[in-house]
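Open the model in your viewer and keep the selection tool ready. We will go from one stop to the next.

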Amino acid sequence: MDRPPSWTGRSGRFVLSSPLASGEEDLFAALDLGTNNCRLMVATQTAGGFRVVDSYSRMVKLGEGLHHTGKLHKAAMDRTMEALHICAERLNRWPVREIRAVATEACRRAENGQDFLQHVRQQTGFDIKIISGREEACLAVESCANLLHNPRFGPPRNRALLFDIGGGSTEIAWVRTDSVRQTEELIGYLSLPVGVITLSEQFGHAQSTDDRAYRKMVDYTRQHLREFENVYRIKPEIRRKQTRLIGTSGTVTTLASLILNLPRYARAAVDGSLLPASSARLAVRTLQKMGATGIARHPCIGPDRAPFVLPGCAIFEAIHDVWPVEDIIVADRGLRDGMVLRMIRGKSGMASRRNRASLSIPPHLRHSMQATGL
């Protein structure tokens with residue numbers, strides 16, 4: 001099998017590299033260009049999944065101003081391009097076997113999204129593909145698959161509701177699970193055109209700590225969830241104690257870090273933790289009392305992320321208002337993890353029953369709801 005080219009030089013352009021030495025580990029790289037963040041991961045396969053050998057994340061706010069203009073702004077594109085050049089330079093250190101790069105809501109929605117990605121390819125060599133909301137949901141489910149069946153979260157459940165609060169959108173996946181076969185099947189998904197950047201711009205950065213403005217954000221988000229509930233009837237499954245709730249966003253990891261009283265953010269302590277919903281609600285109230293200055297000073301948040309914390313909390317509370325599961329499984333993982341797992345499967349040329357099911361959508365549900373229409 002021909003190996004894909006690796007990165008070299010400051011420009012980050014592709015050049016062909018020699019094959020990895022016999023016995024040397026294959027490396028896979030995944031790039032996730034979101035509305036708020038640019039993230040890179042380089043990983044190698046292990047017996048239990050994969051091991052991260054390098055990672056990078058920068059808040060670029062690519063979708064800043066998009067809600068008002070429908071276009072990506074020059075300053076946001078410049079910040080993003082700078083981060084992508086850094087990603088290219090970091091990849092220069094590794095003889096990667098395969099690279100996958102995706103863009104999400106900001107580039108999906110922006111009039112100039114495709115033009116920007118074409119410019120990115122010319123400048124950095126990254127061939128970034130815009131993926132749909134459904135694909136985002138599938139990758140999120142895949143990244144969290146080992147949490148869905150973990151016995152330490154209690155008796156087996158046959159349903160899972162996964163949410164990922166992003167900068168420009170929120171992805172929700174309704175999943176059928178089988179703990180005996182260790183399988184997952186996507187029943188339906190919702191790509192909600194509400195994210196922490198779009199919500200903060202719509203309701204105002206300065207007003208997000210005001211209780212009335214906060215409730216408006218919650219109510220606005222909740223309205224977008226009603227049709228999904230009407231179609232899939234998730235609440236009865238929750239009442240039967242048959243549903244796990246999993247959150248993969250920075251919002252829930254922030255809430256977990258507050259509840260765990262961490263002096264600084266620690267992924268090892270947060271990823272895979274079980275967050276009582278009542279504690280999460282109390283943490284939200286604590287953040288509201290802190291105000292903008294207190295939130296910015298918190299060591300697990302910082303000034304860059306501070307304006308988006310309460311909009312994220314508003315989205316979380318809207319989700320939990322509609323689907324009140326007692327506990328939330330916290331996952332500090334996302335699209336990069338899902339992409340790496342797919343590349344590893346592709347390397348082996350085999351897909352287990354579990355992995356096939358995680359991306360399987362029954363024919364009668366292939367036109368699942370997608371609020372963005374994409």
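**Stop one: a helix across strands**

Select helix H5, residues 133-143. H5 lies across strand S8 (159-165), strand S9 (170-178) and S10, and runs at about 140° to S10. Contact here means heavy atoms within 4.5 Å. Helices (H or I, at least four residues) and strands (E, at least two) are DSSP runs, numbered from the N terminus. Axes are lines fitted to C-alpha atoms, for helices over the stretch in contact, and angles run from 0 to 180 degrees between N-to-C directions.

This is a predicted model: local features need pLDDT of at least 70, side-chain atom pairs count only at pLDDT 80 or more, and totals for chains, interfaces and linings use all residues. Residues are numbered from 1 along each chain as its sequence is written, and side-chain values use heavy atoms, leaving out hydrogens and water.

**Stop two: the sheet**

Now show the six strands of the open sheet, in the order S10-S9-S8-S11-S13-S12. Their pairing is mixed; two strands pair if DSSP finds at least two bridges between them. Strands S10 (183-192) and S12 (274-276) stand at the edges with a single partner strand each, so one side of each has no neighbour in the sheet.

Zoom in on S11 (residues 243-247) and S13 (residues 327-330). They pair in the parallel sense over three bridges. Pick Gly247: its bridge partner in S13 is Val330.

**Stop three: two packed helices**

Select H2 (residues 74-91) and H4 (residues 113-124). They pack at about 35°, with axes 11 Å apart. Which residues of H2 meet H4? Met77, Thr80, Met81, Leu84, His85 and Ala88 do.
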